[in-house]
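Here is a quick tour of a protein model, written for someone who is new to reading structures. Have a look at the picture, then read on.

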There are 2 protein chains.
Amino acid sequence: MEQEYDPNAYDRPSVAVDCVAIGIVDGQPAVLLIRRDQPPFAGHWALPGGFVAIDESLEAAAVRVLRKKARIGAMPVEQVHSFGTVDRDPRMRIIAIAYRALLSPVRIAALRLTVDQCLARIGSDGRLYRDGQPIALAFDHGAIVAHTLARLRSTIDDAAFALVPERFTLRELQQVHEAVLDQSLNKPAFRRRMLERGGLRGTGDFEGGRAFRPAELYVQRPKD
Amino acid sequence: MEQEYDPNAYDRPSVAVDCVAIGIVDGQPAVLLIRRDQPPFAGHWALPGGFVAIDESLEAAAVRVLRKKARIGAMPVEQVHSFGTVDRDPRMRIIAIAYRALLSPVRIAALRLTVDQCLARIGSDGRLYRDGQPIALAFDHGAIVAHTLARLRSTIDDAAFALVPERFTLRELQQVHEAVLDQSLNKPAFRRRMLERGGLRGTGDFEGGRAFRPAELYVQRPKD
DNA sequence: TTACATATATCCAAGACGAACATATGTAAA
DNA sequence: TTTACATATGTTCGTCTTGGATATATGTAA
């Protein structure tokens with residue numbers, strides 16, 4: 001920060017947050033998008049975003065955007081990266097700070113998507129698909145999603161718990177890992193690693209209604 | 001980003017970059033600080049920072065700040081995190097985007113520090129010391145340094161090459177790892193890991209002038 | 001010539017991991 | 001009622017990585 005400089009004397013960039021709300025849909029990672037109805041990029045899909053108010057923290061802005069634009073209730077968000085290329089928005093200079101939110105199955109089921117909203121599947125190629133058709137994102141939002149997914153992969157051991165039901169089997173946990181990492185994992189090794197990791201607690205209850213041996217249900221153990 | 005909203009109609013936060021220039025001094029990590037001469041925090045040490053111009057990318061702003069405020073020539077910088085607490089600056093709302101720069105020994109030797117600049121040692125406790133005396137940082141700059149050092153630790157395998165001379169011995173490389181991680185490392189295991197990592201190339205030359213067996217000098221192998 | 005500190009190379013044990021296999025247990029089909 | 005089946009759960013084994021100890025090599029300096 002400087003002293004000899006009055007920021008009010010010069011044009012200033014605007015600051016916005018863009019929210020990358022990720023969940024697992026049909027065994028694959030998906031991201032919540034909103035269709036734009038105004039230029040630029042009218043008709044394109046975009047991340048829900050909004051400007052940061054003068055008296056509002058960055059996190060609070062991200063939570064507000066999720067509530068207002070996607071009717072997603074209060075939930076933890078995590079900052080991913082800031083994107084500040086001069087021409088990333090053709091209208092004016094906007095610096096976007098990307099925030100990640102992880103949607104549990106309950107949150108996904110509670111979504112009431114309008115025709116201008118969708119959960120777009122994130123393909124193995126990094127592109128986004130809606131009903132199997134590739135879609136183009138507005139602005140640099142494709143890069144923002146890619147960056148967010150890469151970050152999610154590097155922290156999946158912790159993040160996966162936010163993407164499974166409150167009570168989950170080791171199979172479900174592994175499937176979430178595999179969906180995010182986009183690769184299959186060795187089952188015994190995965191079980192060993194998770195159980196020795198210390199973040200799990202068995203409930204003694206078992207899943208039911210499946211045509212095979214029921215698996216024990218686990219919950220995330222609160223960190224000491 | 002929104003459509004129904006005119007950001008010019010409302011007060012907007014200012015955007016600044018704060019630079020965390022880290023190097024190894026006397027075998028310990030140190031960060032470049034500048035002493036403030038104006039309130040708030042007059043007399044306190046602070047990170048070099050500056051406002052982002054309307055037609056300037058975030059990275060360019062960080063590079064400019066390093067050049068103008070620390071006479072550090074063009075060098076790669078890496079974004080760390082954005083800090084946006086509403087009251088982090090008592091004067092006005094400023095969102096700070098932290099950038100990290102890694103100072104090689106040559107860069108450190110080329111520094112011509114004024115009395116209002118210093119290279120503060122980062123202690124094991126995370127606090128900063130100048131001439132052995134703990135110093136207080138302005139604003140939330142202490143948290144910014146701590147966050148940056150944590151990030152550096154998680155990427156030290158790549159980052160260490162920017163903190164050693166162009167030609168370096170494996171001992172020097174290990175000492176940089178140990179300084180940043182603040183823990184001693186097993187020597188044979190470190191050598192194995194580095195040599196099998198593929199990022200090194202032996203020069204066939206050896207260091208001299210030491211009262212022990214000379215070690216081979218290595219250079220970082222350009223990634224294919 | 002010898003002492004010494006470090007470089008470099010091996011060796012071994014412990015732990016992490018992948019893969020294969022064996023047994024257990026529910027539903028559903030025969 | 002019995003059998004097939006898919007998965008859960010647990011075990012074993014070989015491989016790879018890593019930490020630690022050890023042995024030899026090689027320069028400066030006493």
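## How the chain folds and pairs up

In chain A, 60% of the contacts with a separation of 6 or more join residues 24 or more positions apart; a contact here means that two C-beta atoms, placed from the backbone, lie within 7 Å. Keep in mind that this is a predicted model, where local features need pLDDT of at least 70, side-chain atom pairs count only at pLDDT 80 or more, and totals for chains, interfaces and linings use all residues. Residues are numbered from 1 along each chain as its sequence is written, while chains are lettered from A and ligands numbered from 1 in the order in which they are written.

Chain A has six helices and eleven strands, which are DSSP runs numbered from the N terminus (helices: H or I, at least four residues; strands: E, at least two). Its C-alpha trace spans about 70 × 45 × 30 Å along the principal axes.

| Domain of chain A | Residues |
|---|---|
| domain 1 | 7-154 |
| domain 2 | 167-220 |

The C-alpha centres of these two domains of chain A are 30 Å apart. Where they touch, seven residues of domain 1 meet six residues of domain 2. On the domain 1 side, β2 (28-35) and α3 (141-154) of chain A each supply at least two residues.

Now for the inside. Of the 224 residues of chain A, 33% count as buried, that is, 20 or more other C-beta atoms, placed from the backbone, lie within 10 Å of the residue's own. In soluble globular proteins, nonpolar side chains tend to be buried together. The largest nonpolar core has 110 residues, and Val20(B) is one of those with the most contacts inside it. Such a core is a set of buried Ala, Val, Leu, Ile, Met, Phe, Trp, Tyr and Cys residues joined through C-beta atoms within 7 Å. Beyond its neighbours within four places in sequence, Val20(B) is in contact with residues including Val31(B), Leu47(B) and Ile144(B).

How do the two chains relate? A rotation of 180° with 0.0 Å of shift along its axis puts chain A on chain B, with an RMSD of 0.0 Å. That is how a two-fold axis relates copies, superposed by least squares on the C-alpha atoms of residues with pLDDT of at least 70 in both.

Finally, 19 residues surround DNA strand D, and Arg171(A) and Arg213(B) are among the closest; "near" means a C-beta atom, placed from the backbone, within 6 Å. α6(B) gives the most to this surface, with four residues.

Notes. Domain bounds come from an automatic or database domain assignment. A residue is buried if 20 or more other C-beta atoms lie within 10 Å of its own, exposed if 12 or fewer, and partly exposed in between; C-beta atoms are placed from the backbone.
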